[in-house]
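Welcome! Here is a short tour for anyone meeting this structure for the first time. Have a look at the sequence and the model, then read on.

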Amino acid sequence: MNNVTKIMLTAVMVISLAACGERNEEGQTGQQQVHKIVLSVLNPKVEIASQFERLVKEYEREHPEVDIHIRTVGGGADDRAMLMTQFAGGKGPDIYTNGGYEEARLWKDYLEDLSDQPWVQHAYKHALEPMEMDGKIYGMPMNVEGYGFIYNKDLIAKAGIKETPRTLSELKDVSEKLKAMNITPFSIGYAEKWLLGVFMLNIAFAHQDNPDAFIKGLTDGTQKFKGNEPFIGMLRLLDLTVQYGSKNSLTIDYNTAVTGFAKGKTAMILQGNWVQPMLDKISPNMNIGFFPMPISDDAAKNDALAIGVPNNWVVNKKTTAVKKTEAKKFLNWMVSSEQGKRFMTEQFKFVPAFSNIEIKNSGPLAADIIQYVKEGKTLSWNWFKYPAGVSDEFGPAMQAYINKQMNRDELLQEFQKSWNRYSEK
């Protein structure tokens with residue numbers, strides 16, 4: 001039974017009670033049914049599904065007038081397509097997420113203005129940028145995340161490796177040493193299109209001299225994918241992970257890849273700090289850390305992690321005024337109450353995007369991200385700036401490349417065709 005049906009049934013019951021008076025069939029005084037405000041939330045973070053449920057229960061205990069229904073969709077599932085379908089049918093969730101930039105502009109008609117919310121004053125300025133339009137703020141940053149290669153320090157040490165690789169050549173050497181010890185170097189789940197078309201591909205965009213200018217140049221025709229060094233280097237890195245990674249990488253999904261790494265079956269994995277709760281659940285206290293993804297033999301240029309705001313909580317502009325008010329209260333509670341702040345750092349293992357939340361007990365991956373930020377060694381996240389929809393074609397094209405259905409030049413030409421097609425829409 002969906003939320004709309006529940007609300008309608010509750011309304012019918014309340015009306016029926018009123019029509020019958022305050023007495024039941026035996027003539028005794030009946031009790032008025034309490035009508036709760038039902039909020040629907042679409043959570044894209046499968047890694048914190050159970051923790052988020054517990055957070056919501058804490059909120060409901062403090063606010064008995066509110067009933068929050070959560071639907072978790074992520075880990076490779078196409079939650080954006082599902083949202084489109086729901087909104088087209090007039091049944092979109094009250095709280096959902098948006099990536100910002102082009103995606104924010106695409107969904108603007110469904111985004112409530114949150115500029116006046118208390119949490120805005122505590123959010124880091126750079127974390128607000130993705131959801132800022134016309135001087136207004138339309139989304140609350142979920143957290144700050146970073147990604148690169150997560151490595152098992154114990155396995156690396158076992159292979160006699162004293163330093164993490166800083167170049168593509170060094171990464172190949174590390175992979176050879178691990179292989180010689182019968183340790184699979186990479187856990188790769190390339191059945192997931194987003195791992196390729198979003199995270200892997202972004203490294204090439206982020207290594208441009210000016211990523212924003214390069215993206216603009218792709219659209220106006222002054223830049224091309226073919227012959228671009230960062231893209232060629234990224235594909236060399238991709239080839240290396242396939243060569244030294246789990247067998248049948250195109251059949252391995254997200255959960256299988258992360259689980260294999262967590263159980264010590266592989267030494268490295270391309271992922272972000274969002275997997276920390278999963279790793280903790282499978283293998284508590286893993287001795288792990290990050291190192292950047294090298295796409296060349298220039299150690300200085302490679303020495304940066306891709307760090308950004310992964311998503312933003314937004315409120316459905318089309319929902320009722322009562323629900324919008326309650327949705328805003330819940331979002332503010334998440335980042336201002338002691339319970340919410342504790343869950344964010346200790347349970348979700350987030351790096352907060354807010355100055356009023358102390359970072360503690362978030363795990364070794366979060367600690368590495370914070371260190372890279374302090375040292376100014378960061379790369380940008382760019383996929384939300386692409387023409388809307390084009391990312392959907394990048395992943396499958398890269399899977400075809402891995403499957404040897406096209407070579408490097410053909411893949412880069414395929415990227416160009418997709419970009420040209422979507423930028424003209």
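Two residues are in contact when heavy atoms of theirs lie within 4.5 Å. The model you are looking at is predicted.

**The nonpolar cores**

- The largest nonpolar core holds 123 residues. Those with the most contacts inside this core are Phe52, Tyr147, Phe205, Phe330 and Met334.
- Helix H8, which spans residues 193–206, gives the largest share of this core, with 11 residues.
- There is also a second, separate core of 13 residues, and Val73, Leu83, Trp107 and Met131 are among them.
- As background, nonpolar side chains tend to be buried together in soluble globular proteins.

**Helix H9 and its buried side**

- Which residues of helix H9 (residues 211–220) are buried? They are Pro211, Phe214, Ile215, Gly217 and Leu218.
- These residues cover an arc of only 160° around the axis, so they sit on the same side of H9.
- Just after H9 comes Gly221, with a positive phi of about 90°.

**Two helix partners of H15**

- Helix H14 (residues 321–336) and helix H15 (residues 338–347) have axes that come within 5 Å and cross at roughly 65°. H14 and H15 are therefore roughly perpendicular to each other.
- On the H14 side, this contact involves Trp333, Met334, Val335 and Ser336. They meet Glu338, Gln339, Gly340, Lys341 and Met344 in H15.
- By class, the residues in the contact of H14 with H15 are 4 nonpolar, 3 polar and 2 charged.
- Helix H2 (residues 49–62) packs with H15 at an angle of about 170°, and their axes are 11 Å apart. That angle makes H2 roughly antiparallel to H15, because angles over 145 degrees count that way.
- From H2, the residues Gln51, Arg54, Leu55, Glu58 and Glu62 meet Gln339, Gly340, Arg342, Phe343 and Gln347 in H15.
- The contact of H2 with H15 is made up of 2 nonpolar, 4 polar and 4 charged residues.

**Buried polar and charged residues**

- Asn152 belongs to strand S7 (residues 145–152). Is Asn152 buried or exposed? Asn152 is buried, because its relative accessible area is 8%, under the 20% cut-off.
- Beyond its neighbours within four places in sequence, Asn152 is in contact with Phe261, Gly264, Thr266, Ala267, Met286, Asn287 and Ile288.
- The C-alpha atoms of Asn152 and Lys425 are 45 Å apart, and the two residues are separated by 273 residues along the chain.
- Ser283 lies in the loop between helix H12 (276–282) and strand S10 (288–291). With a relative accessible area of 17%, Ser283 is buried.
- Leaving out neighbours within four places in sequence, the contacts of Ser283 are Ala262 and Lys263.
- Glu103, in helix H4 (residues 102–106), counts as buried at 14% relative accessibility.
- Which residues does Glu103 touch, not counting those up to four places away in sequence? Glu103 touches Arg80, Thr97, Asn98 and Phe384.

**Exposed loop residues**

- Most residues other than glycine have a negative phi. Asn182 has a positive phi of about 60° although it is not a glycine.
- Asn182 sits in the loop between helix H7 (168–180) and strand S8 (184–187), and Asn182 is exposed, with a relative accessible area of 75%.
- Asn285 is not a glycine, and it has a positive phi of about 65°. Asn285 is in the loop between H12 and S10 and counts as exposed at 76% relative accessibility.
- Gly376 is found in the loop between helix H16 (364–374) and strand S13 (378–379). Gly376 is exposed, with a relative accessible area of 55%.
- Gly376 and Leu305 are 71 residues apart in sequence, and their C-alpha atoms are 9.7 Å apart in space.

How values were computed
Residues numbered from 1 in each chain as written. Predicted model: local features only at pLDDT ≥ 70, side-chain atom pairs only at ≥ 80, totals over all residues. Heavy atoms only, no water. Core = buried A, V, L, I, M, F, W, Y, C linked by side-chain atoms within 4.5 Å. Buried < 20%, exposed > 50% of the residue type's maximum accessible area, 1.4 Å probe, protein only. Helix = DSSP H or I, 4+ residues; strand = E, 2+ residues; numbered from the N terminus. Axes fitted to C-alpha atoms, helices over the stretch in contact; angles between N-to-C directions. Parallel < 35°, antiparallel > 145°, perpendicular 65-115°, else oblique. Nonpolar A, V, L, I, M, F, W, Y, C, P; charged D, E, K, R; others polar. Arc of directions from axis to C-beta.
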